[in-house]
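Trainee: Could you walk me through this model, starting with the chains and then moving to a few helices and loops?

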Amino acid sequence: MTAADVYAILPLIVLGGASVVVLLGIAVHRSHSLTLILTLTGLVAAFLLLPLVSIEAPRQVTPLLVIDSYSIFFSGLIIAASFIITVLSYSYLSQQRGHREEFYLFLLLATLGSVVLVASTHFASFFLGLEVLSVSLYTLIAYSRKEYGIEAGVKYLILAGLSSAFLLFGMALVYSELGTMKLAQIPTSLSNPSSGVSQVFVLGGLALIVVGIGFKLALVPFHLWTPDVYQGAPAPVTAFVATISKGAMFALLLRYFTVVNIHNYPSLYLAFVVIAIASMFIGNLLGLLQTKLKRLLAYSSISHLGYLLVAFLASGPLAAVAVAFYLVTYFVTTLGAFGLITIMSNSDRDAEDPEDYRGLFWRKPWIAGSFTAMLLSLAGVPLTAGFVGKFYLVTAGIGSALWLLVIVLVVTSGIGLYYYLRVVVAMFASLPKGSTIAPAMRISPHFTGALAVTILVLLLFWLGIYPTPILRLIESMVTGFS
Amino acid sequence: MDIVFYIASAVAIICTVMVITRLNVVHALLYMIVALLSVALVFYTLGAPFVAALEVIIYAGAIMVLFVFVIMILNLGPQTSQQERLWLDGRIWVGPTILALILIAEVAYVLSTHSTPAYTITEISPRQVSTQMFGPYILGVELSSFLLLSAVVGAFHLGRRRQLYPEEIAVSAAAVEQNTSPQGDIQPEPQIQSDIHR
């Protein structure tokens, strides 16, 4: 590694260094606010280094990582989302008892793993980044050490372990046939006729890798963990699982299957089509049956990843832009929704019963209004970020004439609208006479959480009404790669 | 050498099946040790003596011994000695011993014949592994260290004995008082007391 290499990966070094500083800080003096400040400083420093690093881009740093504008864009998105989640966690953990400081250490490490994922060009960095992310998430999910948290953590541990085994076996198959784990060399080894490569093993390997990726993205045949983990995890951690973990994995999926052109593998392509359609239908249909809010958002996220696959399969020049923009809107909206659940929650439990939200508008109009905006954006109603994002997905799909997928996307969005609106209606309903307010409703939002949510609401409308600047940014950064 | 590979693989598969079908943890562990040893032999026949040595030292040696200790420690109680006698019953050694003997015979055969395998093998020395690790894959090593950091701190956090909160201490103290008051001068259960102070 040369000095220029070290310079290019400075944001990662800062994230890793920040986690060590937080660790030592906890060892010296346990203080919730000090840990928060250290964490936020690390995240801000890593974020501010990204534009400086982009001067060097694109740069291959050892065989493992590539620092190009694509990875820098997604790193920025991940670090910004991690900043918001850290702020939300502070207001969440302030009400909790027990050790709170280690939480931030795991947040930083999980962020580091995600940033490695989006910069990965080698199976080794893919797997290591994924494991750093997953192992941190096991603890974060079970962090409260209450029964349901432990249950969710164990479920995630076992299923993530299983999916990692699939992933590793797939990588081993590809490696045994092609003799390389470097992403850039895979297409050239494949097309080399003299090497006697067996397409069956490569295809089988790629399919197993897709299983591993599909688990992390909670696409339909691999989605069974999602509702339980979403429900059992603390609300800020659920936000992390829903946004950063999935976003990083999707960015990786797009990079890998753009290099290994998915159109060369009709059977794999067909599998993705089936997965996309199943995710959109099952996510939305099962969402209709949910009463708990966090479970509802879990099924909602399954369907949103299905929508994203439409643009992924389109894979034109517009596709990468559509995916990146949709991920931005999905991040803003999902963080906002879970942020509101966070500030509504108290030390006993997270606010997820429909009763917690009944008549909310008449008591806390700002919270109810923000929540309505988030849910409408998830449903894709005009003037919100979700609408513009979905518009781009449909445009990308039509551009590649994926009519079936686009029709399914539109139909299932219509189904999904119903369950989002059901929550909205509950918030505007009047409280029955003489009913007592549920304990979770006696809220006085911590100002940090309220601030984070306010920023997200403003972003939501900004992206929905005037998305041009962010679109320009995405076009300049993301298209260079594909 | 081919036949050695296949026998070792068969032993590995049999052992692994036994591991996941045993109801007693210690029995499963015995089979698991043999499974790891046979995987080491598989590595050796494939021309990776360094990985084979690591497999024996780290997995079959350090990690498995740790496993056995943890399980023995967790089962503390009055019936422990009885239980251990049951575990170490002669019959349970038969299966793992036979499989291990097969492996030993194979090792002896390999070492005595110096047979070369039918397929070409490039042997990888520890030196080559090290230069790769600290050359192009240095970031992988660093990432592994973060992975371990996360795992260690996570295990610490989840495994730590939970502190009791003031109201819970009050509740358990009241319970102690209620239990002991009819008997007069009997001391409160020391078990609960020590839990509170921890």
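**Chains, helices and loops**

Trainee: What share of the contacts in chain B between residues at least 6 apart in sequence join residues at least 24 apart?
Mentor: Contact means heavy atoms within 4.5 Å. Among the chain B contacts between residues at least 6 apart in sequence, the share joining residues at least 24 apart is 68%.

Trainee: Before we go on, what kind of model is this?
Mentor: Residues are numbered from 1 along each chain as its sequence is written, chains are lettered from A and ligands numbered from 1 in the order in which they are written, and side-chain values use heavy atoms, with hydrogens and water left out. Local features need pLDDT of at least 70, side-chain atom pairs count only at pLDDT 80 or more, and totals for chains, interfaces and linings use all residues, since the model is predicted.

Trainee: How many helices does chain B have?
Mentor: Helices (H or I, at least four residues) and strands (E, at least two) are DSSP runs, numbered from the N terminus. Along its sequence chain B reads α-α-α-α-α-α-α-α-α. Chain B has zero strands, and its helices number nine.

Trainee: What percentage of chain A counts as buried?
Mentor: Buried means under 20% relative accessible area, exposed over 50%, and partly exposed in between (1.4 Å probe, protein chains only). In chain B, with 198 residues, 27% count as buried. Chain A has 21 helices and two strands. Of its 482 residues, the buried percentage is 61%.

Trainee: Which helices of chain A do the buried residues of α12(A) pack against?
Mentor: Helix α12 covers residues 266-288 of chain A, and its 23 residues reach 33 Å from first C-alpha to last, close to the 33 Å expected at 1.5 Å a residue; the expected span is 1.5 Å times one less than the number of residues. Its buried residues include A:Leu268, A:Phe272, A:Ile275, A:Ser279 and A:Gly283. An α-helix has 3.6 residues a turn, so residues three or four places apart point the same way. The buried residues of α12(A) pack against α9 (199-217), α11 (235-259), α13 and α19.

Trainee: Is A:Phe272 buried or exposed?
Mentor: A:Phe272 sits in α12 of chain A and, leaving out residues up to four places away in sequence, touches A:Val210, A:Leu253, A:Ile262, A:Leu309, A:Phe312 and A:Leu313. A:Val210 is 62 residues from A:Phe272 in sequence, with 9.0 Å between their C-alpha atoms. Because its relative accessibility is 2%, A:Phe272 counts as buried.

Trainee: How are α13(A) and α14(A) oriented to each other?
Mentor: The axes of α13 (residues 293-314) and α14 (residues 317-344) of chain A come within 9 Å and cross at roughly 175°. Axes are lines fitted to C-alpha atoms, for helices over the stretch in contact, and angles run from 0 to 180 degrees between N-to-C directions. Angles under 35 degrees count as roughly parallel, over 145 as roughly antiparallel, 65 to 115 as roughly perpendicular and the rest as oblique. The two helices α13(A) and α14(A) are therefore roughly antiparallel.

Trainee: How many nonpolar residues are in the contact of α11(A) with α14(A)?
Mentor: The axes of α11(A) and α14(A) come within 8 Å and cross at roughly 170°, which makes α11(A) roughly antiparallel to α14(A). Residues making the contact include A:Ala239 and A:Phe250 of α11(A) and A:Leu327 and A:Phe338 of α14(A). Ala, Val, Leu, Ile, Met, Phe, Trp, Tyr, Cys and Pro count as nonpolar, Asp, Glu, Lys and Arg as charged, and the others, Gly among them, as polar. Beside five polar and one charged, the nonpolar residues number 15.

Trainee: What is the phi of A:Leu383?
Mentor: Most residues other than glycine have a negative phi. A:Leu383 lies in the loop between α17 (365-379) and α18 (385-399) of chain A and counts as exposed at 56% relative accessibility. Although A:Leu383 is not a glycine, its phi is positive, about 80°.
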